Amino acid sequence: RVGLLGGSFDPIHHAHIALAECALRTLNASAVHLIPAAAPWQRAPLSADSTHRAAMVSLAIHGHPGLALNPIEIDRGGPSYTVDTLQALVDLDQAQQRPAVQYVWILGADQLANFCTWHRWQDIVAIAELAVAARPGSQPRPPEPLQRVLDTHNRPLHHLPMPEMPVSGSEIRRRLAQREPVDHLVPPEVLRYINSHHLYQA
């Protein structure tokens with residue numbers, strides 16, 4: 001079982017690492033791959049280019065056993081559709097005659113709520129299981145159409161017990177542009193990279 005955590009990682013921050021490690025433990029996964037998007041199709045263009053974002057992910061997960069950078073979407077380029085990424089991973093496993101892998105796509109409660117707007121979302125459920133970050137004391141409920149498809153494919157919805165962490169990439173970018181401190185929000189190696197490459201400055 002391999003967990004997959006996609007995102008813009010613009011930049012990667014402490015909550016991303018906490019979610020990946022929570023998934024690694026809760027899912028009893030052999031690994032969790034962090035997958036920076038090339039061009040997320042449901043949001044505005046990203047602030048840092050793919051080379052910088054991948055480098056920051058690599059720095060952030062160094063020393064975290066079980067976490068790995070997977071550049072599959074960056075290597076493919078263009079709009080990043082989850083279903084294409086999952087199919088490419090399955091095809092690669094088959095081409096290299098690897099043992100079958102159960103992929104688990106990790107997402108937040110907000111992403112679960114709008115999952116049925118994702119490109120070919122029914123096909124995603126056919127390929128992978130889903131794991132959602134649950135807030136303390138609450139477990140997010142999937143939209144009714146998603147629940148029906150989960151039932152059809154006999155798929156569980158894993159709940160990841162995540163502590164509430166009020167941190168977001170947009171807030172980090174705002175603080176950096178205003179020259180406010182962010183050392184409590186991102187790993188020190190990432191902050192050094194941001195400063196050395198003059199990223200997110202106004």
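Two strands count as paired if DSSP finds at least two bridges between them. Strands (E, at least two residues) and helices (H or I, at least four) are DSSP runs, numbered from the N terminus. The model is predicted, so to speak of local features takes pLDDT of at least 70, side-chain atom pairs count only at pLDDT 80 or more, and totals for chains, interfaces and linings use all residues. Residues are numbered from 1 along each chain as its sequence is written, and side-chain values use heavy atoms, with hydrogens and water left out.

**Exercise 1.** Find which strands pair with S6, and in which sense.

*Solution.* Start with S1 (residues 2-7): its pairing with S6 is parallel, over three bridges. Here Gly 3 sits opposite Val 104. Next take S7 (residues 129-134), which pairs with S6 in the parallel sense too, over four bridges. This time Val 104 has Glu 129 as its bridge partner.

**Exercise 2.** Work out how the side chains of S6 point, and whether they are buried or exposed.

*Solution.* Buried means under 20% relative accessible area, exposed over 50%, partly exposed in between (1.4 Å probe, protein chains only). Tyr 103, Trp 105 and Leu 107 point one way, Val 104 and Ile 106 the other, and all are buried.

**Exercise 3.** Sort the lining of the largest pocket by class.

*Solution.* Count Ala, Val, Leu, Ile, Met, Phe, Trp, Tyr, Cys and Pro as nonpolar, Asp, Glu, Lys and Arg as charged, and the others, Gly among them, as polar. You get 21 nonpolar, 15 polar and six charged residues.
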